[in-house]
Amino acid sequence: MNFRFAILSDPHIALPRTIQTNPNRFHMVEVSMRALEIVLERLQALKLDFLLIPGDLTQDGEPENHRWLADTLARLPFPVYVVPGNHDVVRLHATENHIGLDDFPVYYQNFGYDNPEKLYYIQEIFPKVKLIGLNSNQFDENGKQIGHLDGEQLLWLKTILPDLRDDLVLVMIHHNIIEHLPGQSSHELGRRYMLDNAPDLLTLLQENGVNLLITGHLHIQDIAHSRGIHEITTGSLVSYPHPYRVIEYRGNTGELHIESFHLKSLPEWENLAEMSRKWLGDRSYPFMMRLLTTPPLNLPIEIAEELAPKLRNFWADVAGGDAIFDFVDFPPIARRYFQTFSAIDSRGNPRLIDNQTVLNLKSGSIVERTRVG
């Protein structure tokens, strides 16, 4: 069985009347509607079998933004499957301006959710090909949102996965399960993008031969691997470099051929890539100061203030994937730390797999490909 599908992530749809001004916001919701329309036009020309969107569909869970997106996706000639992101359900219970957690599957009954009372699902895409959509958004006793897979979903997975051992299973969830950044699970700036009980899910998937995860949330292009499992995370459509992926599965070899493409301009934003890279750079200073002054670096304020401007484009380069870093004029401890963000293998050689890659789901091997698009 051969098939082709696409991934676009974190589109953060915001109708103009709902856009909220935030000087520290990294992503450009101002371009969200037009960017999505352009990408969907491109994807319709590719004769896709389906499209995956792993969360953060809207700016902040506004009902009108969810309705606009559901109506837009309903007009496509191929199936679309979604899961909720943290921006889609910012409150446990609905308010005038935000949907509640239980409302999400009601809006997306045609996009994976057969049962409007369940926040997770399984769909047969093709014979012997299954898609599992999970909800990683939970709320603690204080109403604070956390990335967590609840006991009900874990028990459900334990029930269904043993019967799918002979199938190709794709698992889609918003939060990261495998680290995509150095120390992501423990760093105060990175751990909120991780599922807090990720090891439980990884163990369950490994025990049942599931080796492919589709995630979003982090707004970077990255492919990570752990315990025989590949995780493909895709950057945000409304943040530099505005990526989306087209993936072809070849059943005879078990290979996933992954290509990444980028929106470089829009009719109203001819220099979109340049503008969004500057947008990230203009907002980077507070983020870089926290990165420099918190563990593991713990640099003094005066040194951090000297280094932070030199890291203006650091996050944009991380977001693009396949970046190599070496700040030769940094103090040794800082230089070594930022080198760990580079796309290199254990021998220190470039390993450019974040954008154009072949994953062999049978052997577990990863092959670099020439950058396109």
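**A proline in a loop, and its setting**

Modeller: P241 is located in the loop that runs between β11 (229-233) and β12 (243-250). The model is a predicted one, and its local features are described where pLDDT is at least 70. The peptide bond between Y240 and P241 is cis, with omega of about 5°. As background, most peptide bonds are trans, and most residues other than glycine have a negative phi.

A cis bond is also present between P295 and P296, where omega is about 10°. P296 belongs to the loop between α7 (284-293) and α8 (301-307).

H12, which is not a glycine, has a positive phi of about 50°. H12 sits in the loop between β1 (3-7) and α1 (32-44), and H12 is buried, its relative accessible area being 0%. K128 is not a glycine either, and its phi is positive at about 70°. K128 is placed in the loop between β4 and β5; with a relative accessibility of 46%, K128 counts as partly exposed.

Helix α4 spans residues 151-160, and its buried residues are Q153, L154, W156, L157 and I160. Viewed down the axis of α4, these buried residues fall within an arc of 160°, and they therefore line one face of the helix. On the other side of α4, the exposed residues are G151, L155, K158 and T159.

These parts belong to a protein chain with ten helices and 15 strands. The chain has a radius of gyration of 20 Å, close to the 21 Å given by the globule rule for 373 residues, so the chain is as compact as a globular protein of that length. Along the principal axes, its C-alpha atoms fill a box of roughly 55 × 50 × 45 Å. Buried residues make up 58% of the 373. Of the contacts between residues at least 6 apart in sequence, 66% join residues at least 24 apart.

The chain exposes about 16,000 Å², of which carbon and sulfur atoms supply 48%. It carries 34 positive and 48 negative side chains, and the centres of these sets are 5 Å apart.

Notes. Residues are numbered from 1 along each chain as its sequence is written. This is a predicted model: local features need pLDDT of at least 70, side-chain atom pairs count only at pLDDT 80 or more; totals for chains, interfaces and linings use all residues. Side-chain values use heavy atoms; hydrogens and water are left out. Helices (H or I, at least four residues) and strands (E, at least two) are DSSP runs, numbered from the N terminus. The radius of gyration is taken over C-alpha atoms; the globule rule is 2.2 Å times the number of residues to the power 0.38. Buried means under 20% relative accessible area, exposed over 50%, partly exposed in between (1.4 Å probe, protein chains only). Contact means heavy atoms within 4.5 Å. Accessible areas come from the Shrake-Rupley method with a 1.4 Å probe; for residues, only the protein chains shown count as cover. Lys and Arg count as positive and Asp and Glu as negative; His and the chain ends are not counted. The place of a charge is taken as NZ of Lys, CZ of Arg, CG of Asp or CD of Glu. The arc is that of the directions from the helix axis to the C-beta atoms.
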